[in-house]
Amino acid sequence: MKPNRLLAATAITLATAGGAHAGVDALDLVEPVAEYKIFVTGRTAELVEGVDAFVAAVKAGDVEKAKALYPAVRVPYEQIEPIAELFSDLDVAIDSRADDYEQAEADPEFPGFHRIEYGLWEKGSTEGLDAVADKLSADVHDLHGRIDGLTFPPEKVVGGAAVLMEEVALTKISGEENRYSRTDLWDFKANFDGAYKIVELVRPLIEETEADFVAAVDGNFDKVYAILEKYEDGDGYVSYLKLTDADRNVLSAAVNTLAEDLSTLRGKLGLD
């Protein structure tokens, strides 16, 4: 979709979305929401490209290459997770965990990234993963197409910043997501980046009237990024197993504080 058509479609959505916070006209959100769609569409294009390479490695039986690709391939998905989750069928197919299935890892219905992750790290094999890999590829291609045709709800865009932080704080900090590969810190960084992108886009609408809030959010982002920086390893991160309980508690506290800040962002823009 061309940007001018996107702006028009978003304007129609916002015009019917209700009132806005004092000093923030609903139409002021048109441009940041449109820019966010451009960002998300670009990330889903990266996701498609990365998953296709990942799937090729899996189907070639190249376990080590597939392992090397896995954490980076997931980054675009984790950055845009609030939008991906609007399509619940695809989110389940792409990113559900073994816990969601009656027979856990042994369940033939267990799909997506984490089924392949289990095979690569726990089994050290790609045996039986061809169909799973093909379905993952088909699903991310489908996601890309659906997102391209979606008019983004502004309340979902703005609320997505808090959603990303809350998911890290409430579930991901335990290490339950990438439980076989222990590549959790890659996902955390992607979640932080996705949330920061939303804040960056709406910042001009509130930086004068909500200067203290903006400064607090920026400071808390600095804290979570500084914590993550300690665990960098080359172009990525150390295994999540290397973090102690104390390390996780420090990270959790910083993420919780940021989540609390960002939970008020929708209200500041009149979208509650």
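So, the surface: the protein exposes about 12000 Å², and carbon and sulfur atoms supply 50% of that area. Please keep in mind that this is a predicted model. As for burial, 53% of the 272 residues count as buried.

Now the overall build. There are 12 helices and 2 strands. The C-alpha atoms fill a box of roughly 60 × 45 × 35 Å along the principal axes. A compact globule with 272 residues would have a radius of gyration near 19 Å, and the protein has 19 Å, so the two agree.

What about charges? We have 26 positive and 53 negative side chains, with the centres of the two sets 2 Å apart.

Let's finish with the aromatic rings, which give 13 aromatic pairs. Take Phe54 and Tyr70: their ring centres are 6.1 Å apart and the planes sit at 50 degrees, so we call this pair tilted. Phe54 belongs to helix α2 and Tyr70 to helix α3, 16 residues apart.

Phe188 lies in helix α9 and Tyr240 in the loop between β2 and α11, so the pair ties together parts that are 52 residues apart in sequence. Both Phe188 and Tyr240 are buried.

Notes:
Residues numbered from 1 in each chain as written. Predicted model: local features only at pLDDT ≥ 70, side-chain atom pairs only at ≥ 80, totals over all residues. Heavy atoms only, no water. Helix = DSSP H or I, 4+ residues; strand = E, 2+ residues; numbered from the N terminus. Rg over C-alpha atoms; globule rule 2.2 N^0.38 Å. Buried < 20%, exposed > 50% of the residue type's maximum accessible area, 1.4 Å probe, protein only. Areas by Shrake-Rupley, 256 points an atom, 1.4 Å probe, with all protein chains shown as cover. Lys, Arg positive; Asp, Glu negative; His and termini not counted. Charge placed at Lys NZ, Arg CZ, Asp CG, Glu CD. Phe/Tyr/Trp six-rings, centres within 6.5 Å; stacked < 30°, edge-to-face > 60°.
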